[in-house]
Amino acid sequence: MKIVVCIKQVPDTKGGVKFNPDGTLDRGAMLTIMNPDDKAGLEAALRLKDKYGAEVTVITMGLPKAEDVLREAMAMGADKGILVTDRVLGGADTWATSQTLAGAIRNLEYDLIITGRQAIDGDTAQVGPQISEHLGIPVISYAQKIEIEGDSVIVERQYDDRYHVLKAKMPCLITALAELNEPRYMTPGGIFDAVQAEITVWGRANLVDVDDSNLGLKGSPTQIAKASDKVRKGAGEKVNLDPTESVDYIVGKLKEKHVI
């Protein structure tokens with residue numbers, strides 16, 4: 001079985017975020033981590049590898065420094081790493097990103113593609129399903145449990161206060177929740193091997209069946225109107241009242257704001 005895991009290097013928001021003049025994130029100037037949902041998807045792939053036997057390939061689109069997140073994934077147990085990087089791909093929204101990743105994945109053999117539900121720097125949950133649409137394969141989103149049965153995958157899909165059990169023939173794409181599992185740590189041996197491993201680097205020329213009009217900032221139908229760091233809150237209103245007056249005051253404010 002061959003599994004492709006899409007991972008993303010995202011800003012570590014604890015260190016603050018920075019923006020370019022066009023409103024896009026200045027990814028080169030920020031501390032980064034592996035996107036949590038993607039790490040859960042990687043762990044799911046590694047558990048399938050442990051249980052059923054599989055080759056796990058991790059792929060990411062980003063700046064050259066995104067190689068770091070691939071090596072982290074390989075130190076956890078992934079077999080191969082592919083970095084898709086090119087200046088023409090910069091500033092991509094979800095549409096252009098999914099077109100790029102689908103174009104790269106068309107070079108690979110796969111039974112299962114796993115992505116995170118969403119990235120913490122965008123929170124759209126669109127890229128995974130869009131990749132499946134471009135590739136013409138079924139998608140099961142919000143996975144909280146994954147099993148393999150013959151040539152099919154069985155997934156518990158989170159849904160409000162319950163879950164659905166869905167079965168699909170492979171090849172299939174699954175989007176994983178961060179709550180799916182507890183990702184394993186890198187091992188010392190894995191770290192050593194990952195540092196020595198060769199990362200495959202692809203650019204625009206390696207993308208299959210993708211038009212230039214669907215790539216990068218120019219190929220992104222979503223445009224950023226305004227971007228900013230954390231919005232600072234005002235000091236608020238402070239009052240000194242006894243308990244009874246406080247209740248009346250709070251209820252009055254809620255009514256004033258049409259909350260109740």
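This is a predicted model: local features need pLDDT of at least 70, side-chain atom pairs count only at pLDDT 80 or more; totals for chains, interfaces and linings use all residues.
Colleague: In what order do the 9 strands of the open sheet come?
Modeller: Helices (H or I, at least four residues) and strands (E, at least two) are DSSP runs, numbered from the N terminus. Two strands pair if DSSP finds at least two bridges between them. The pairing here is mixed, and the order across the open sheet is 9-8-7-10-6-1-4-5-11.

Colleague: Which are the edge strands?
Modeller: An edge strand pairs on one side only. From one strand to the next, the twist averages 30 degrees. The two edges are strand 9 (162–169) and strand 11 (200–202).

Colleague: What angle does helix 1 make with strand 1?
Modeller: Helix 1 (residues 36–52) packs on the sheet and touches strand 1 (2–6), strand 4 (55–61), strand 6, strand 7 (139–149) and strand 10; contact means heavy atoms within 4.5 Å. Axes are lines fitted to C-alpha atoms, for helices over the stretch in contact, and angles run from 0 to 180 degrees between N-to-C directions. For helix 1 and strand 1, that comes to about 165 degrees.

Colleague: And which strands does helix 2 touch?
Modeller: Helix 2 (residues 67–76) also packs on the sheet, and its direction makes about 165 degrees with that of strand 5. The strands it touches are strand 4 and strand 5 (80–84).

Colleague: How many residues of strand 6 are buried?
Modeller: Buried means under 20% relative accessible area, exposed over 50%, and partly exposed in between (1.4 Å probe, protein chains only). Both faces of strand 6 are covered, with Leu112, Ile114 and Gly116 on one side and Ile113 and Thr115 on the other. The count of buried residues in strand 6 is 5 of 5.

Colleague: Why does threonine 115 count as buried?
Modeller: Threonine 115 is found in strand 6 (residues 112–116). Leaving aside its neighbours within four places in sequence, threonine 115 is in contact with residues including Cys6, Asp38, Gly128 and Leu173. It counts as buried because its relative accessible area is 5%.

Colleague: Which residue in strand 10 is the bridge partner of isoleucine 113?
Modeller: Strand 6 runs parallel to strand 10 (residues 172–176), and 5 bridges join them. Strand 6 is also joined to strand 1, by 4 bridges, and those two run parallel; there, isoleucine 3 stands opposite leucine 112. Back in strand 10, the partner of isoleucine 113 is leucine 173.

Colleague: Which residue in the turn between strand 7 and strand 8 has a positive phi?
Modeller: Strand 7 and strand 8 run antiparallel, joined by 6 bridges, and glutamate 147 stands opposite isoleucine 154 in strand 8. The two strands form a hairpin with 2 residues between them. The turn residue with a positive phi, about 65 degrees, is glycine 150.

Colleague: What about the hairpin of strand 8 and strand 9: which turn residue has a positive phi there?
Modeller: Strand 8 (residues 152–159) runs antiparallel to strand 9, with 8 bridges joining them. Tyrosine 159 has arginine 162 as its bridge partner, and valine 155 has leucine 166. There are 2 residues between the strands, and the one in the turn with a positive phi of about 50 degrees is aspartate 160.

Colleague: Is tyrosine 142 buried, partly exposed or exposed?
Modeller: Tyrosine 142 sits in strand 7. Its phi is near 55 degrees, a positive value in a residue other than glycine. With a relative accessible area of 28%, tyrosine 142 is partly exposed.

Colleague: Which peptide bond is cis, with omega near 10 degrees?
Modeller: Look at the loop between strand 9 and strand 10, where proline 171 lies. The cis bond runs from methionine 170 to proline 171.

Key: Residues are numbered from 1 along each chain as its sequence is written. Side-chain values use heavy atoms; hydrogens and water are left out.
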